[in-house]
Structures are given as C-alpha cells and as structure tokens.
Amino acid sequence: MQKAIEHLLQNPAIRQANFAPMAMRPGRSTGFAALDEVLPGGGWPIGSLTEILVDRQGIGELSLLMPALATASEEQRWIAWVSPPHIPYGPALAAKGIDLARILLIHARPGPDTLWAVEQALASGTCSSVLSWLDDELDNRMLRRLQLAAESGQSTGFLFRPSDHVNLPSPAALRLGIETTSHGLVIKVLKCRGRSGATMMLDVDHDLVEPVFSHLGAGRRQTRQFQH
C-alpha cells in the first residue's frame with residue numbers, strides 16, 4: 001500500500017497539502033513584463049523552487065535572472081551560487097547592478113554534498129536567492145526537500161537542470177523550458193501555480209558567465225563554504 005501511495009504522489013497532476021497554492025504571496029519581479037504577466041504573484045515565486053530546464057549551458061539562462069538578482073542584492077542577504085559549472089564573471093554581474101559583496105560561492109563535491117549544500121542554503125534564512133546546478137537525476141523526495149527548504153528560509157531557489165528531465169515529476173512551484181534562437185530566448189512555462197502553457201520570446205544578453213578561472217578574484221566577490 002505504501003509503495004502504491006508513493007507511486008501515486010509522483011503524478012505531477014496531484015498537489016499535496018504542503019504545496020498548496022499561495023495565490024496572495026507576491027513574487028519577485030523578473031524584470032521582463034511579458035514574463036511577470038503570466039507568473040502568479042507577478043514574478044519569481046519567493047519561498048519556492050523554480051526549475052529552469054536548458055538543452056545546454058550558457059544559452060542566456062543567467063541573463064534571465066539578472067534583473068531579479070540585482071534587486072535581491074539590495075537586501076542584507078546572500079545570493080548563493082552552489083557548484084556553478086563556470087566561475088561567475090564579476091564585471092558582467094556588476095554591470096547589471098548586482099552588488100558583488102552579496103555573492104556567495106559554495107563549492108561542494110558532486111552528489112550528496114552538493115544536494116546538502118543547496119538544501120542548507122535554501123533553509124538558512126540568510127540567502128535571498130540560491131542558484132544551483134544538479135545534473136544528476138533527482139527523485140521526487142529530494143526535490144520536495146528542496147522545495148520545503150526554500151519555503152522555510154523564504155528563499156527563491158533556482159535549479160538548473162537538463163531539458164531531457166522535462167517529463168519527470170517535480171514539486172517545484174515553477175518550471176520553465178528555455179531554448180535559444182537568433183532573436184533571443186524562447187521561454188516555455190511548463191508548470192506554475194494557477195496556469196501553464198504560455199510561450200514567449202525575450203531579448204537577453206549572453207555574456208554573463210566566463211569559463212576562465214583567472215577571473216576568480218575579480219571584484220569584491222565573497223567565497224565561503226558551509227561546513228558539513
């Protein structure tokens with residue numbers, strides 16, 4: 001019976017009480033009016049997990065977050081990057097209005113250590129936003145833990161995952177699929193509280209990640225690590 005219930009809960013059409021819609025909770029503006037218009041709360045959901053599904057890294061997915069991260073950096077909380085695939089390029093972030101003193105880089109070993117670091121950052125209450133890259137397939141139980149951690153810490157969690165995970169169930173409040181074209185990014189709202197299915201094209205920059213480690217010391221960026 002227990003296995004049957006667990007299997008039933010994997011169905012993305014079923015919403016558990018822990019993840020009841022929070023229609024009255026405002027979101028953090030994405031900085032893109034067309035996207036804000038289709039998202040419940042008018043922006044990135046606060047206290048929730050957002051999945052961003054891409055077919056490859058570096059197509060402009062970070063540019064999509066820049067306006068919101070610039071706003072978040074005005075708070076006295078961290079913007080945590082957990083095991084990013086490349087070193088964030090400080091000058092480009094600063095040019096977008098992000099206070100580099102609020103950037104927190106967390107380097108963790110792949111696997112359970114990275115998952116633990118993401119969960120701790122989300123739940124800590126000291127991070128306004130948490131960006132994480134978890135390429136390994138996560139089961140629904142692990143994703144529920146991250147969703148609950150984001151709710152506990154009132155953090156906006158961004159989880160970048162490969163696009164081939166699109167059909168896997170997820171308790172994340174918001175799931176976006178991103179594709180790149182010569183005219184900009186095509187954004188598909190795969191799941192959100194209230195409605196989904198919207199598609200739009202946004203014009204964003206593509207110069208926000210620099211895979212050259214010599215840029216590690218640029219700016220006033222802070223590098224810390226949670227102790228496990």
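**Salt bridges and a helix pair**

A salt bridge joins the side chains of Glu51 and Arg175, at 3.4 Å from N to O. Glu51 belongs to strand β1 and Arg175 to strand β6 (residues 174-181), so the bridge ties together parts of the sequence that are 124 residues apart. Both Glu51 and Arg175 are buried. The model is predicted. In total, the structure contains seven salt bridges.

Glu51 also forms a salt bridge with Arg161, with an N to O distance of 2.9 Å. This pair again links distant parts of the chain. Glu51 sits in strand β1 (residues 48-54) and Arg161 in strand β5 (residues 156-162). The relative accessibility of Glu51 is 0%, so Glu51 counts as buried. Arg161 has a relative accessible area of 1% and is therefore buried as well.

Are the two partners buried or partly exposed? Arg77 has a relative accessible area of 17%, and because buried means under 20%, Arg77 is buried. Glu75 stands at 27% relative accessibility and so counts as partly exposed. The pair belongs to a network of salt bridges that links Arg28, Glu75 and Arg77.

Helix packing was examined for α5 and α6. Helix α5 spans residues 112-123, and helix α6 spans residues 140-153. Their axes come within 6 Å of each other. The crossing angle is roughly 25°. Angles under 35 degrees count as roughly parallel, and α5 and α6 are therefore roughly parallel to each other. On the α5 side, the contact is made by Leu115, Val118, Glu119, Leu122 and Ala123. On the α6 side, Met142, Arg145, Leu146, Ala149, Ala150, Ser152 and Gly153 take part. By class, the contact of α5 with α6 comprises eight nonpolar residues, two polar residues and two charged residues.

Key. Residues numbered from 1 in each chain as written. Predicted model: local features only at pLDDT ≥ 70, side-chain atom pairs only at ≥ 80, totals over all residues. Heavy atoms only, no water. Salt bridge = Lys/Arg side-chain N within 4 Å of Asp/Glu carboxyl O. Helix = DSSP H or I, 4+ residues; strand = E, 2+ residues; numbered from the N terminus. Buried < 20%, exposed > 50% of the residue type's maximum accessible area, 1.4 Å probe, protein only. Axes fitted to C-alpha atoms, helices over the stretch in contact; angles between N-to-C directions. Parallel < 35°, antiparallel > 145°, perpendicular 65-115°, else oblique. Contact = heavy atoms within 4.5 Å. Nonpolar A, V, L, I, M, F, W, Y, C, P; charged D, E, K, R; others polar.
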